[in-house]
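Here's a quick tour for someone meeting this model for the very first time. Take a look at the sequence and the structure, then read on.

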Amino acid sequence: MSEEVKIPEYGSENWEKFVMDSFLPDELYIDEKGSGYPTLNGMRRISLNMMGKIVRSGPIMVNSTPPLASYCVYEIEFEDGKVFGAAADACPDNISGNYSVYPTAIAESRAEARAYRKALLLRTASAEEIKGNEKAFSTVLETTKEYDIEGDISPQQISIIQTKCKKLK
């Protein structure tokens with residue numbers, strides 16, 4: 001007889017660990033340091049199991065100027081009326097590999113993954129955000145340390161935003 005698992009209260013101190021422990025092995029991308037990053041498919045499955053039916057999911061805005069960059073804003077709405085949104089970009093500086101010729105699809109996947117991360121209250125990056133870009137991601141983390149939603153924007157973050165804006169001009 002299997003033991004019934006008690007889901008912690010949404011947002012409680014045990015919530016994030018419970019969610020991360022709920023991913024199946026193939027739903028985590030493991031980097032060379034052994035850190036696990038949840039995949040989009042894994043976050044979709046867990047969201048459905050823990051948060052209920054999704055009534056609306058899709059991009060609400062896409063801006064694409066290949067080969068320079070693609071940008072996507074994505075929203076997910078659950079049956080309880082909660083809506084989670086996120087934005088992401090994809091450009092030659094932050095994509096690599098065989099799929100780099102599809103910046104719009106990559107931007108959409110990253111934005112969707114970020115929306116699910118927000119819904120699940122996960123502080124880690126998703127596999128879609130870092131896979132193939134581990135060096136760049138590690139450099140940003142080493143410079144800015146842990147992301148703090150309540151803190152001020154760091155000088156490094158300002159510099160990154162300014163550099164990206166200059167490239168779009």
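Buried here means under 20% relative accessible area, with exposed over 50% and partly exposed in between (1.4 Å probe, protein chains only). Strands (E, at least two residues) and helices (H or I, at least four) are DSSP runs, numbered from the N terminus.

This is a predicted model, where local features need pLDDT of at least 70, side-chain atom pairs count only at pLDDT 80 or more, and totals for chains, interfaces and linings use all residues. Residues are numbered from 1 along each chain as its sequence is written, and side-chain values use heavy atoms, leaving out hydrogens and water.

E5 pairs with E4 in the antiparallel sense, over eight bridges; to pair, two strands need at least two DSSP bridges between them. Glu-75 sits opposite Gly-85 in E5. Four residues lie between the strands of this hairpin, and Gly-81 takes a positive phi near 95 degrees.

## Helix H3

H3 covers residues 103-120, 18 residues in total, and reaches 25 Å from its first C-alpha to its last, close to the expected 26 Å (1.5 Å times one less than its number of residues). Its buried residues include Pro-103, Ile-106, Tyr-116 and Leu-120.

## Cysteines

Cys-72 counts as buried because its relative accessibility is 1%. Cys-91 is buried too, at 8%.
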